[in-house]
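I opened my notebook to look up a few places in one chain. The entries follow in the order I made them.

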Amino acid sequence: MSTLKVDVHHVTRVEGHGNIVVDVENGELTQCDLQIVETPRFFEAILRGRAYDEASHITSRICGICAVGHATASLRATEQALGVTPSLQTTLLRKLNFHGEILDSHVLHIYMLVAPDYLGLGSVIPLAKSAPDLVLRALRMKQLAGDLCATLCGRHTHPISMTVGGFTQFPKPADLRALRERLVASRADCDATIQLLQGLEFPAFERDTEYVALHRDDEYCFIDGSIASSDGGIRPLADYREVTNETIVPHSSAKHARHQRESYLVGALARFNINYDRLHPRAQAAAEALGLRPKTINPYLNAAAQAVEVVHCTEDAILLIDQLLEHGIRHEEPAAPTRMSGEGVGAADVPRGTLFHHYKIEDGTIVGANCIIPTGQNLANIELDMRALVPGILDRTQQEITLALEMLVRAYDPCISCSTHMLDVKFV
Amino acid sequence: MKPKVAFFEFTSCEGCQLTVLDTLQRHPELLEVIEIVQFREAMTERSDDYQIAFIEGSCTRPSDEEKIREIRTQAQIVIAVGACAHLGGINAIRNRMPLDDVREYVYGDKKDWFETYPARPLSAVIKVDAVIPGCPIDRDEFAMAVTHLLQGRMPAIPDYPLCIECKLTENVCMFLRGQTCLGPITRAGCDAICPSCGQGCEGCRGLVPSPNLGSIKEALRERGMTEEQIDARLSLFLTYQTMQMDGVTPA
């Protein structure tokens with residue numbers, strides 16, 4: 001096909017509003033954009049003038065899917081700014097809660113958003129009749145993840161009891177034991193998820209890029225840590241701007257990012273590539289079963305990396321519950337600020353990648369805020385993938401090319417309404 | 001015949017639609033009695049032939065008004081889903097600030113590239129037949145709303161304050177715990193989930209009919225809150241409603 005026009009208005013089965021626009025004339029690719037047409041949401045601007053303890057409640061509303069991730073990064077930014085040191089119990093509860101969100105989001109993405117493409121369907125709904133076991137499994141896994149978050153923070157969207165310095169409610173040991181039992185039982189569902197992915201035929205498209213994720217030496221990192229790149233180098237969180245280098249482009253209300261190359265990738269595949277060694281052995285075995293090893297450079301395999309993380313988070317959640325039960329759950333007052341003015345960066349590797357919140361606080365009031373969202377960091381990389389993909393598949397029908405592009409965008413699990421309010425504020 | 005139902009979203013986090021998906025997962029029997037013909041976040045198939053429209057999100061740019069009116073023209077029943085659609089929600093916080101300053105803070109000298117205007121609830125653009133309040137909506141309340149619609153009546157929501165549910169839940173009053181809460185002026189229906197989790201109500205379900213704002217402000221002052229802090233609390237979800245009560249509606 002020497003002339004091709006693809007114009008997918010509002011890509012389906014993604015969070016938020018994006019259009020794919022591709023134009024090929026006489027065999028030459030003249031346009032290849034992922035347009036972000038979501039309305040601007042201005043979260044950083046509305047945080048100014050707010051009390052420090054309102055920030056996590058406001059910013060969790062950036063995203064219905066990664067609400068716990070936003071709350072976590074927000075609390076860490078505030079705690080860094082005000083010199084708050086959370087207790088070991090708080091740290092363990094936050095990690096456990098975070099696993100609930102990763103499980104919920106990844107299961108949603110794998111089963112409801114990605115799998116229908118590979119099974120030739122427009123949504124998961126027909127599967128309820130044709131493959132009820134698959135749908136029931138997805139629902140069971142999602143329900144467990146949701147119940148885990150509800151036990152720890154009231155509800156997944158939007159968390160209630162997460163607060164600066166700690167929590168305002170605590171799980172009962174019996175609740176944790178019940179969750180542990182269900183997590184152990186969920187191993188069979190994890191295995192079945194890996195089997196499902198083994199049976200899917202992922203497009204054989206590869207493009208090497210830079211992968212960026214949070215990193216710690218002692219664990220597969222989701223909260224805090226440093227910023228690591230597959231191209232080398234580890235930077236402290238405070239230097240995040242040297243990694244994200246945001247720019248504004250006209251066709252996207254979300255900003256683009258670049259680090260050491262033209263673009264970089266964040267998310268499950270980046271975490272897998274960078275932190276593979278710190279995965280739970282069962283998760284490494286799952287990766288082995290999927291033929292996945294670092295570094296994997298096929299972006300469609302992000303869903304496979306997510307499945308590996310589902311195994312990891314299930315296992316690590318069991319370990320965290322054991323630790324919490326061993327310590328005994330105490331009703332702690334949240335750790336108090338040691339100062340009321342300061343500046344801090346908080347980071348979390350949320351389901352879709354590395355998320356930064358950066359606040360400046362004066363006398364307990366937020367005076368400057370910056371949030372850098374994973375999907376924004378991925379946009380430039382998605383476009384470069386699209387550019388690399390299209391010339392190699394021009395011999396296919398328009399319908400096939402469009403589907404391949406939609407599947408590519410979906411593979412990144414974009415969270416568009418999140419990403420449309422990033423900025424690069426100079427704090428004065 | 002099953003009613004044809006469509007879901008739409010404007011400026012929002014899509015958390016309410018995720019709650020809808022969650023509700024449908026927990027109550028798959030709902031899928032037996034309604035036919036979903038459009039739900040962009042969950043399915044590729046779409047049809048514009050529908051009778052009931054559930055809309056999440058605020059209207060925050062002039063160009064969205066036309067789309068919202070189109071939905072109104074097509075649908076026999078339009079339901080506002082969640083605080084953004086019902087109240088303007090978190091989006092309306094910026095209505096208290098100079099819009100140009102807000103735009104410049106986020107997009108700098110590119111601020112005119114992206115269209116926006118003060119956030120407003122759906123009811124400021126079209127007639128809305130019913131609302132499902134909350135940030136996010138409550139699962140059971142959504143299921144109940146669908147049940148009511150199938151029975152041929154509009155979804156009913158409580159017209160009494162949250163304090164009544166909070167008492168029934170046997171929570172100790174947040175004020176007695178030395179904290180603050182907007183329960184006395186906020187519409188019930190969430191089973192007082194925030195006080196049950198140790199947090200004061202933030203008013204996400206909107207004001208109860210005839211709220212006594214003077215009295216709640218007095219109670220918050222007695223708890224040591226400054227006027228600025230009180231304004232901030234009342235503007236988390238209630239900016240549009242309180243500005244409207246003061247006779248201010250955005251252009």
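**After a helix**

I began at the end of H14(A), which is followed by Asp413(A), a residue with a positive phi near 55°. The model is predicted: local features need pLDDT of at least 70, side-chain atom pairs count only at pLDDT 80 or more, and totals for chains, interfaces and linings use all residues. Residues are numbered from 1 along each chain as its sequence is written, while chains are lettered from A and ligands numbered from 1 in the order in which they are written.

I then looked at the helix itself. H14 of chain A takes in residues 398–411, and its 14 residues reach 20 Å from first C-alpha to last, close to the 20 Å expected at 1.5 Å a residue. The expected span is 1.5 Å times one less than the number of residues. Helices are DSSP runs of H or I with at least four residues, strands runs of E with at least two, numbered from the N terminus.

I listed the buried residues of H14(A), among them Ile401(A), Leu405(A) and Leu408(A). Buried means 20 or more other C-beta atoms within 10 Å of a residue's own, exposed 12 or fewer, partly exposed in between, with C-beta atoms placed from the backbone.

**Two further residues**

I looked up Glu44(A), which sits in helix H1 (residues 43–47) of chain A. Glu44(A) counts as buried because it has 24 C-beta neighbours inside 10 Å.

I also looked up Ala71(A), in helix H3 (residues 67–82) of chain A. Ala71(A) counts as buried because it has 30 C-beta neighbours inside 10 Å. From Ala71(A) to Leu320(A) I noted 249 residues in sequence and 20 Å in space, C-alpha to C-alpha.
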